[in-house]
Amino acid sequence: MDFAAEAARLDAADPLARWREEFALPDNGLTYLDGNSLGALPKRTKARLEHIIGKEWGAGLIRSWNDAGWITMPATVGAKIAPLIGAQRQEVIVCDSVSVNLFKLIAAALAMRPGRKVVLSEPGNFPTDLYMIEGVAAMGLAEPRLVAAQQIEAALDDQVALLALTHVHYKTGAMHDMARLTRAAQDAGALVLWDLSHSAGAVPVRLNDCGADLAVGCGYKYLNGGPGAPAGGCGRGCAGGGRLSPGGALGPGRSGLPGLRRRPSATPRARRRPGRDRPRGRRRGGRRCTRRRTACRGGASSCGRPACGGARRWPG
Ligand SMILES: Cc1ncc(COP(=O)(O)O)c(C=O)c1O
């Protein structure tokens, strides 16, 4: 077979082919297949970063936490990722690294299954995922149980608090049957945590259709967030308190916030798509809400939305 001709034929028929032009890949004939490690640079990102640094940081300074919507960015970007992974907008938050999210969600899941300590996974899982399970175990909170992929269902018993797996394997590309394993784990009374680092943006993911409880994923691979981009955490039914324990791995000071908005443990990292994601609190024409949190009742005299309710103010 003439592989080059076959590749060109498939490219020509690919409905996604036009997106190639959106990326700034080197103009030297390079074929880049390493999106599983670091996604390519979207052309619009460069201008966007210049705007953030020059205007939002340089000119806006501290006001940009609110005026440029930095403070609500974890939820804003999470809502955009949600459809890619089959979750609801309010169920996804973008914060921290995959490892930090894993640690917090493993700890939260164990707290939700008192009397059970086993975290079930496979020895070939991504090393960081196993380190996080070991870390929680070293604190005396978990008992790791690692079995080959084919033995996972047989290893589910009444000691298992959490089944923690990476959906698409980072080396082989093998994909777990999310629906089947989620059902099996829940039938055994366990929660399920899926690592979507090699799935989100690459293959269809249907977290809610599969009934998955928790998920984490990576921003700098197939989501093209760039080096240092934050990760994502997802919890089913997390719109307003949801299924995660109130304190979780975080301090009690955050327990007043709804659902996943309690999860970030660091200052939000600001980045949004050019011209797309208007900060909350601005009306269509770009006028800013001038009211304070307590005074904003919505309507034409303020931001034009139903009371913006503090979304624009730095908490505390
Ligand atoms: C499957 C998987 N899990 C976890 C991680 C760790 O991610 P982070 O370095 O953002 O904590 C990676 C990173 O490549 C990964 O591919």
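Let's start with helix 7, residues 178–187. Helix 7 lies across strand 4 (160–166) and strand 5. Against strand 5, helix 7 runs at about 150 degrees. Keep in mind that this is a predicted model.

Now, strand 5 itself. Strand 5 covers residues 191–195, and three bridges join strand 5 to strand 6, residues 214–217. These two strands run parallel. Look for Leu 193: opposite stands Leu 214 in strand 6.

Which order do the seven strands take? The order is 1-7-6-5-4-2-3, in an open sheet with mixed pairing. Strand 1 (92–94) and strand 3 (143–146) are the edge strands, each pairing on one side only. On average, neighbouring strands here are turned by 20 degrees against each other, direction ignored.

On to the ligand. There are 13 residues around the ligand. Which come nearest? Ser 97, Val 98, Ser 99, Phe 126 and Ser 197 do. Two helices, helix 5 (98–111) and helix 6 (127–138), each supply at least two residues of that shell. By type, the shell has five nonpolar, six polar and two charged residues.

Last stop: helix 2, residues 43–59. Helix 2 has 17 residues. From first C-alpha to last, helix 2 reaches 24 Å, close to the 24 Å expected at 1.5 Å a residue. Where is the kink in helix 2 centred? On Ile 52, with a bend of about 30 degrees. After helix 2 comes Leu 61, with a positive phi near 45 degrees.

Terms used. Residues numbered from 1 in each chain as written. Predicted model: local features only at pLDDT ≥ 70, side-chain atom pairs only at ≥ 80, totals over all residues. Near = placed C-beta within 6 Å. Helix = DSSP H or I, 4+ residues; strand = E, 2+ residues; numbered from the N terminus. Nonpolar A, V, L, I, M, F, W, Y, C, P; charged D, E, K, R; others polar. Expected span 1.5 Å × (residues − 1). Bend = angle between axes of the 7 residues up to and from the residue. Pairing = 2+ DSSP bridges. Axes fitted to C-alpha atoms, helices over the stretch in contact; angles between N-to-C directions. Contact = placed C-beta atoms within 7 Å.
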